[in-house]
Amino acid sequence: PIDGRQQRLSAEDACCVCFPLAWGVRMISLLTMLVGFFAVVSVLSTPPVPPKEREREMREPALQDIVYIDKVWDCLKISGLVCGYQGFKGLYTRDSLKLKWLCCYYVLCFILEVFSLCFYIAKACQVLADLKPEIEQAAQHSHRRPLTCAEVQQMLLVKGFAQCAMYYFFAQAAWSLASHFSSNLPMAWGDPFSDMEAPLLAGYGVSEHRPQQQQQQQQQQQ
């Protein structure tokens with residue numbers, strides 16, 4: 001027999017910030033699907049670009065590159081509908097592979113955020129110069145001083161670091177839970193999945209989702 005105490009996870013390992021790891025991954029999965037849903041709504045509701053603005057983007061490469069990066073972000077966020085659902089489903093079926101889908105999604109978000117941050121900081125001054133008439137007009141209406149290039153770069157850097165930190169912790173949480181499920185270790189803080197959570201499984205019972213896990217636990221007890 002295997003000592004259950006040695007296999008139990010410590011409270012520190014089973015923690016996602018101030019929530020238990022499973023609850024944290026559940027919120028991450030729901031947030032990922034929500035972001036994907038709003039990305040779909042944004043893409044469908046965005047009107048076509050006027051011909052004059054399209055011609056201007058073609059003349060100014062920096063603006064055109066920003067448009068391309070935004071489109072890549074839209075595609076990645078829309079894919080979050082699938083990855084978030086896979087993470088949510090893997091959480092209840094204890095399928096580590098599905099949770100790794102969620103982890104890979106946030107790894108891609110981290111990589112794209114680093115690339116976008118470097119590009120935005122490098123091109124900030126050029127974009128401000130290209131958009132100078134619009135910035136001055138907006139400043140007159142708002143009665144505020146336009147931001148300088150250094151101030152814009154500082155804001156981008158702070159925002160980028162915050163986004164990268166969030167993507168890193170989300171990916172780490174999904175990977176940690178996937179590793180726990182792969183090793184079949186029981187949680188030190190107890191089993192957060194009960195029959196009361198069945199309505200959250202979109203019509204599937206808890207017992208239908210965990211037959212393989214239950215068989216493995218029975219074999220270990222024998």
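**Helix packing and overall layout**

Helix H4 (residues 61-93) packs with helix H5 (residues 96-130) at an angle of about 160°, and their axes are 9 Å apart. Axes here are lines fitted to C-alpha atoms, for helices over the stretch in contact, and angles run from 0 to 180 degrees between N-to-C directions. This is a predicted model, in which local features need pLDDT of at least 70, side-chain atom pairs count only at pLDDT 80 or more, and totals for chains, interfaces and linings use all residues. Residues are numbered from 1 along each chain as its sequence is written, and side-chain values use heavy atoms, with hydrogens and water left out.

**More on the helices**

- H4 and H5 are therefore roughly antiparallel to each other (angles under 35 degrees count as roughly parallel, over 145 as roughly antiparallel, 65 to 115 as roughly perpendicular and the rest as oblique).
- The contact of H4 with H5 has residues that divide into 21 nonpolar, nine polar and seven charged. Ala, Val, Leu, Ile, Met, Phe, Trp, Tyr, Cys and Pro count as nonpolar, Asp, Glu, Lys and Arg as charged, and the others, Gly among them, as polar.
- H5 also meets helix H7 (residues 149-183): their axes come within 8 Å and cross at roughly 170°. That makes H5 roughly antiparallel to H7.
- In the contact of H5 with H7, the residues divide into 28 nonpolar, five polar and two charged.

**The chain as a whole**

- The chain has nine helices and two strands (helices, H or I, at least four residues, and strands, E, at least two, are DSSP runs, numbered from the N terminus).
- Starting at the N terminus, the order of the elements is α-β-β-α-α-α-α-α-α-α-α.
- Of the 222 residues in the chain, 34% count as buried (buried means under 20% relative accessible area, exposed over 50%, and partly exposed in between, with a 1.4 Å probe and protein chains only).

**Aromatic rings**

- Rings of Phe, Tyr and Trp (its six-membered ring) pair if their centres lie within 6.5 Å; planes under 30 degrees apart count as stacked, over 60 as edge-to-face and the rest as tilted. By this rule the count comes to eight aromatic pairs.
- In one of them, the ring centres of Phe37 and Phe38 are 5.6 Å apart and the planes stand at 70°, so this pair is edge-to-face. Phe37 counts as partly exposed, at 46% relative accessibility.
- Phe119 and Tyr120 also form an edge-to-face aromatic pair, with 6.1 Å centre to centre and 65° between the planes. Phe119 is buried, with a relative accessible area of 14%, whereas Tyr120 is partly exposed at 22%.
- Which residues do ring pairs link into a cluster? They are Trp73, Tyr105, Tyr106, Tyr167 and Phe170.
- The charged end of Arg26 sits over the ring of Trp23, 4.1 Å from its centre (a charge sits over a ring if NZ of Lys or CZ of Arg is within 6 Å of the ring centre and within 35 degrees of the ring normal).

- Arg94 lies in the loop between H4 and H5, and is buried, with a relative accessible area of 14%.
- Most residues other than glycine have a negative phi. Arg94 is not a glycine, yet has a positive phi of about 55°.
- Leu108 belongs to helix H5 and is partly exposed, with a relative accessible area of 48%.
- Leu108 and Ala171 are 63 residues apart along the chain, and their C-alpha atoms are separated by 9.7 Å.
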